[in-house]
Amino acid sequence: MEQYDYSDIKPLPILTDQQDELCRIMYTEDYKQLMGLARALISVNELSARALQLTAQVIDVAPAFYTIWNYRFNITRHMMTESDDTVSYLNKELDWLDEVTLNNPKNYQIWSYRQSLLKLHPSPSFKRELPILKLMIDDDSKNYHVWSYRKWCCLFFNNFQHELAYTSKLIELDIYNNSAWTHRMFYWVNFKDVASEVELADELQYTMDKIQLVPQNISSWTYFRGFQELFHNKIQRESEVVQFATSFIASVLSLPIDLPQDLPEIESSYALEFLANHWSADPRTQDSAVKAYSLLAIKYDPIRKNLWHHKINKLN
Amino acid sequence: MCHVTNDLRKAVAKKHKKFFERHLQLLPSSHQGHDVNRMAIIFYSIVGLSIFDVDVPKKYGNNISWMRKHYIKKMLNDTNNTVISGFVGSLVMDIPNATTINLANTLFALLSMIMLKDYEYFETILDRESLLRFVSRCQLPASGSFVSCLDYNKNSASLVDSDDLRFCYIAVAILYICGCRSKKDFDRYIDTEKLLGYIMSQQCCSGAFGTHNEPHAGYTSCALSTLALLSSLEKLPDKFREDTLTWLLHRQVSSRGCMKFENDLNATYDQTDDGGFQGRENKFADTCYAFWCLNSLQLLTKDWKALCQTELTTNYLLDRTQKTLTGGFSKNDEEDADLYHSCLGSAALALIEGGFNGELCIPQEAFNEFCRCVIIRAP
């Protein structure tokens, strides 16, 4: 790290030990000095290399301090125009940000700062973002901020080419990864108008294979239902889909429900819920829907029995 | 007020009070990183103490003048000599010639002042027009969403901050506290139509709200609370409302029926989470989502208690994440208690008990009394 001289700056010291203070923090000497200096530099809005260096130190101890990110951005924007190579200057800043990101996975200012840098960049690249995105997802495969950022990148670069393969890989690793499933849905929502019938058929088959593998999984069933709703004009495979869902419920619909303890185990409450929802839409099958909801209430998903009764009441 | 205690629980309640009191006292240097959000620490502690029946105006009345110092008014260097105002989290962040006031700290401070009954602040010190001018400047004209702060130098919405449903909620809650009720009131300061458009754009296919179609209980609570404060919940389409209700009720983790099949297969399923709430599909239950989910449910329907099993949630919170030794609540059964989860765990219990204002996350009585005593004229 380069050494800069700050000795000409008169610090703006922070107030400590005030009367009737709440949540008094025992500041370290380092913190007091650092903040005293940062306050002085922000106050005169010094846009310099040494100021940039100082912001890194402040971000290290107080990553949630929004003004310091704002200050760093203004310095970067100024320095970039003074440098002979804007692109490499901004790439260097992104490299620094990668380091900070890896050390602060839960901080969310990082991602909006990154977006601001990419908007500033004359030739931003999705490819450059892929490694950091991969590292962060490897570290926490359901990190909401990282997934949001990935989606922002897809839209910003208008590039979705990696997304299906990427989510397939993550679903392979953990079939319950709801972020991966919803990201897949995000892909289709954006490709709604151009998806071909072959692609849609393949995707439906992919989903059914995953459900077959683990039938009691809310993520794959929600995706299955959402996908069909999204493409209800293009997919007409109703009887096949109903037959598929029925294969997980062991013919319970034909059994009497007065003795819940005699009912057999079924493989998936979500299959039963899927069918109940499907049958609710048509008056001719509403009796089956009522029965399916009743079975959920008494045996297969009893914690939500009041919800299932609410669904039955809506039908009557 | 809210009674989450019975005789048997009195001893634990005492520990909770001590836990919250501790956070208002001296904090170790490891908290330096939270300096910027100190109003949040104060708010969480005071909410917790209020829920456990501590007379906070009496106990912390002396601290009011120190609190007021965090209310910063700035005259901008423009031709109109525009004034804006708001709160900083800590005086360390109050920097000459720089705008550092922040939406979240402003809401946390205003709600804390309400619970501390510092009505004099609202009547004689608060400059409502300049405060709401600050809120107005945080709105993004293109999307209608909000960021949490202004560029420290240019005083327009920060280009570096994130914008999402949390800041939309905070902006609207501040306007509400300052007396806005009708659409006309809100329209004086913000573009309400644009904001509503933004909120609606965050609806997910499967119900609930989230960024780019991944539903999340926290964002859902923010969206529904914002709509409630704007008296606009009826703008939600019927199907989406029903899907959201279903989605929220599915967040209650269960060990019964078919759910037990996940036991050995799903790495983020734990059958002892039974009764608790998760924030998203296939995640462990977490104390704070009991509040975010139950608050969302109570906003969607008056019958919310008849729809979910709140007694199981109470058991989950009391038996699993409450810390009987140290006081406070933890995120799950593995971690130590922390302030955020202690506040929201207590708030969830208070919501179930009744008498708690979920949209503002303070005891209802504290807000009622504020409305009775402080006359904030319609804008």
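Q: Is A:C23 buried or exposed?
A: A:C23 counts as buried because it has 21 C-beta neighbours inside 10 Å. The cut-offs are these: a residue is buried if 20 or more other C-beta atoms lie within 10 Å of its own, exposed if 12 or fewer, and partly exposed in between, with C-beta atoms placed from the backbone.

Q: What kind of model is this, and how is it numbered?
A: It is a predicted model, in which local features need pLDDT of at least 70, side-chain atom pairs count only at pLDDT 80 or more, and totals for chains, interfaces and linings use all residues. Residues are numbered from 1 along each chain as its sequence is written, while chains are lettered from A and ligands numbered from 1 in the order in which they are written.

Q: What scores does the predictor give the complex?
A: The complex has an ipTM of 0.96 and a pTM of 0.97. Chain B averages a pLDDT of 95, and 97% of the residues score at least 70; pLDDT is the predictor's confidence in each residue, from 0 to 100.

Q: Back to A:C23. Where is it found, and what is its phi?
A: A:C23 is found in the segment before β1 of chain A. Its phi is near 50°, which is positive although the residue is not glycine. Strands here are DSSP runs of E with at least two residues, helices are runs of H or I with at least four, and both are numbered from the N terminus.

Q: What does β1 of chain A pair with?
A: Strand β1 (residues 24-25) of chain A is joined by 2 bridges to strand β1 (residues 26-27) of chain B, and the two run parallel. Two strands pair if DSSP finds at least two bridges between them. Within this pairing, A:I25 has B:L27 as its bridge partner.

Q: Which residues are in contact with B:I42?
A: Apart from neighbours within four places in sequence, B:I42 is in contact with A:L22, A:C23, B:L24, B:F108 and B:S112. Contact means that the C-beta atoms of two residues, placed from the backbone, lie within 7 Å. B:I42 is in helix α2 (residues 38-51) of chain B and is buried, because 26 C-beta neighbours lie inside 10 Å.

Q: How many residues of chain A are in contact with chain B?
A: 68 residues of chain A are in contact with 67 residues of chain B. Helix α3 (residues 66-82) of chain A gives the most to its side, with 7 residues. By class, that side of chain A has 36 nonpolar, 22 polar and 10 charged residues. Here Ala, Val, Leu, Ile, Met, Phe, Trp, Tyr, Cys and Pro count as nonpolar, Asp, Glu, Lys and Arg as charged, and the others, Gly among them, as polar.

Q: New topic: how is chain A divided into domains?
A: Chain A has domain 1 (1-16 + 23-82) and domain 2 (238-316), with bounds from an automatic or database domain assignment. The C-alpha centres of domain 1 and domain 2 of chain A lie 61 Å apart.

Q: Where is A:S268, and what is it in contact with?
A: A:S268 is in the loop between α12 (238-246) and α13 (269-280) of chain A. Neighbours within four places in sequence aside, A:S268 is in contact with A:P215, A:Q216, A:F248 and B:C258. A:S268 is buried, because 23 other C-beta atoms are within 10 Å.

Q: Which residues of α15 in chain A are buried?
A: In helix α15 (residues 305-315) of chain A, the buried residues are A:L307, A:W308, A:K311 and A:I312. They line one face of the helix, because seen down the axis of α15(A) they fall within an arc of 145°; the arc is that of the directions from the helix axis to the C-beta atoms.

Q: What do those buried residues of α15(A) pack against?
A: They pack against α14 (286-300) of chain A, together with α12 (238-249) and α14 (304-307) of chain B.

Q: And in chain B, how many residues of β3 are buried?
A: In strand β3 (residues 83-87) of chain B, 4 of its 5 residues are buried. Strand β2 (residues 71-75) of chain B pairs with β3(B) in the antiparallel sense over 5 bridges, and B:Y71 stands opposite B:F87.
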